[in-house]
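Welcome, and please open the model in your viewer. We will walk through it stop by stop, selecting one thing at a time.

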Amino acid sequence: MRLEYFQLIDRIVELDLVGRTIKAQAQVPDTSTIFEGHFPGHPLMPGVLLIESMAQTSGWLIIGITGFARMPFLAAVREAKLRTFVAPGQMLSLRASLLHDGSGYAITKAAVDVDGKTVAECEITFRVMAFPDPRFRTSMSEVAQRIGFPVEASANG
Amino acid sequence: MSSTFDTVANIIAETCDIPRDKIKPESHAINDLGIDSLDFLDIAFAIDKAFGIKLPLEQWTQEVNDGKATTEQYFVLDNLCASIDGLVAAKGA
């Protein structure tokens, strides 16, 4: 997890373009200035960052489905549930599935598991549009490479 | 069996918390009912699901932005329902 770059996903574990699902992993860092404030003496991964991690996981799924041609932007979060505390150092197993592929938008359902137990879940709406700047796509390609996103499978999918 | 308009009006009423009796066939979703683009995504999702179609929102938006169509053509409910009926018919063809 590169919190300072707001890149929360460490690794894509599985991308299923037929079943329209994705699995990813992310390790909450042991230390971060975030934990100094959230909270003193009781460090917790902020719930909004858990939601963001589900959004990013879903986002990679949508990028895969569009063959890396379009970029999803977070538009709405529904039914977000934060079931238990997530502490520094814990490994997050993230999963998402596509609920609907609309025209210019997409809806996913996503969840975070820790040690086999679901700690967070939500339903997310994205606006999906062409990359607004080629540098943006290039940057996303670099991130994709770093986290093991199967760009080729996505392009052929 | 309810009409396309009844289904769409009920979706709008539930999704946007607009009184059902304020939603008329001649209502413009944006100008009269005050539905914004994010709320319209929810409506589109419900319509897509209810009718088993994919409303071509991107194409409509592009046409409006390019001056090739007016928002009335797509967002007055009568016209929206006609578009839905057309998409449903095309699906069954």
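Two strands count as paired if DSSP finds at least two bridges between them. Helices (H or I, at least four residues) and strands (E, at least two) are DSSP runs numbered from the N terminus. This is a predicted model, in which local features need pLDDT of at least 70 and side-chain atom pairs count only at pLDDT 80 or more, while totals for chains, interfaces and linings use all residues. For your selections, residues are numbered from 1 along each chain as its sequence is written, and chains are lettered from A and ligands numbered from 1 in the order in which they are written.

**Stop 1: chain A as a whole**

Select chain A and colour it by secondary structure.

**Stop 2**

Now show the strands of chain A. In which order do the six strands of the open sheet lie? The order is β1-β2-β4-β5-β6-β3, with antiparallel pairing. At the edges are β1 (11–16) and β3, each pairing on one side only. On average, neighbouring strands are turned by 20° against each other, direction ignored.

Select β2 (residues 21–27) and β4 (residues 91–101) of chain A: seven bridges join these antiparallel strands. Within this pair, Lys23(A) has Arg95(A) in β4(A) as its bridge partner.

Next, select β3(A) and β6(A), which run antiparallel and are joined by ten bridges. Click on Ala76(A) and you can look across to its bridge partner in β6(A), Thr125(A).

**Stop 3: where chain B comes in**

Bring chain B into view. Two residues are in contact if their C-beta atoms, placed from the backbone, lie within 7 Å. The contact between the chains takes ten residues from chain B and nine residues from chain A. On the chain B side, α2 (37–51) and α3 (57–65) are the elements that give two or more residues, and α2(B) supplies the largest share, five residues.

What kinds of residue make up the side of chain B that touches chain A? They divide into seven nonpolar (Ala, Val, Leu, Ile, Met, Phe, Trp, Tyr, Cys and Pro), three charged (Asp, Glu, Lys and Arg) and no polar (the others, Gly among them).

**Stop 4: the core**

A residue is buried if 20 or more other C-beta atoms lie within 10 Å of its own, exposed if 12 or fewer, and partly exposed in between, with C-beta atoms placed from the backbone. Buried residues make up 32% of the 157 residues in chain A. A nonpolar core is a set of buried Ala, Val, Leu, Ile, Met, Phe, Trp, Tyr and Cys residues joined through C-beta atoms within 7 Å.

Select Leu50(A), Met54(A), Trp60(A), Leu94(A) and Leu80(B): of the 53 residues in the largest nonpolar core, these touch the most other members. Helix α2 (residues 47–65) of chain A gives this core its largest share, ten residues. Zoom in on Leu94(A), whose contacts include Lys23(A), Met54(A) and Val112(A).

Stay on helix α2 of chain A and pick Glu52(A). Is this residue buried or partly exposed? Glu52(A) is partly exposed, because 17 other C-beta atoms lie within 10 Å.

**Stop 5**

Most residues other than glycine have a negative phi, and most peptide bonds are trans. Select His38(A) and Phe39(A), which are joined by a cis peptide bond with omega about 0°. Phe39(A) sits in the loop between α1 (33–37) and α2 of chain A.

Then go to Glu79(A), where phi is positive, near 50°. This residue belongs to strand β3 (residues 70–82) of chain A and is exposed, with 9 other C-beta atoms within 10 Å.

For the last stop, select Asp17(B), in the loop between α1 (4–16) and α2 of chain B. Its phi is positive too, near 55°, and Asp17(B) is exposed, with 8 other C-beta atoms within 10 Å.

Notes. Axes are lines fitted to C-alpha atoms, for helices over the stretch in contact, and angles run from 0 to 180 degrees between N-to-C directions. Lists of a residue's contacts leave out its neighbours within four places in sequence.
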